[in-house]
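Good morning. I will keep this short and go through the charged pairs in the structure on the screen.

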Amino acid sequence: MTTQSTPGKVSLHATFSFPSGISTDVEHILDETNCQSSVIGLPQGVEPVKPRGGDYKYSGLHDHDVLPKPKEGGDFALLIGIVQEAKKKSDELLTRIINEETKNKSQDGRNTKKQKTEDKE
């Protein structure tokens, strides 16, 4: 995955390449035209809570004190939204490939069993 830089514009150019035999290369250009800015702080009405260990999302609380609300919007919120969309697209692509491979293996297994049965006859 690579990033492209255009002055004053937040965007990400994701290219997924695979070894031969696995689908074709897939490209996504993600920017404000196809991604939404992420909410950085807590959603409206959600109270600050102590996060569990390993949880790095903004929780609104640190060492039992309430944190100030982060600034919403802007380039960082858009960048977070773009990265979340890139992860979603990556997950969808990998799920599709895994499902295709699973389907092909199960078909190969049926064909192999069928061939062995025919060979015995």
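Arg96 is partly exposed, at a relative accessible area of 38%. By that term I mean between the cut-offs for buried, under 20% relative accessible area, and exposed, over 50%, with a 1.4 Å probe and protein chains only.

Before I go on: this is a predicted model, where local features need pLDDT of at least 70, side-chain atom pairs count only at pLDDT 80 or more, and totals for chains, interfaces and linings use all residues. Residues are numbered from 1 along each chain as its sequence is written, and side-chain values use heavy atoms, with hydrogens and water left out.

Arg96 has a partner, Glu100, and the two form a salt bridge with their closest N and O atoms 3.2 Å apart. A salt bridge here is a side-chain nitrogen of Lys or Arg within 4 Å of a carboxyl oxygen of Asp or Glu. Glu100 is partly exposed too, at 35%. Both residues lie in helix α1, four residues apart, about one turn of the helix. Helices are DSSP runs (H or I, at least four residues), as strands are (E, at least two), numbered from the N terminus.

How many salt bridges does the structure hold? It holds four.

Another one joins Asp91 and Lys87, at 2.7 Å between the closest N and O atoms. These two are also four residues apart in helix α1. Lys87 is exposed at 51%, while Asp91 is partly exposed at 35%.

Then there is Glu85 with Lys89, at 3.5 Å, N to O. Glu85 is buried at 18%, and Lys89 is partly exposed at 23%. They sit about one helical turn from each other, because they are four residues apart in helix α1, residues 74–120.
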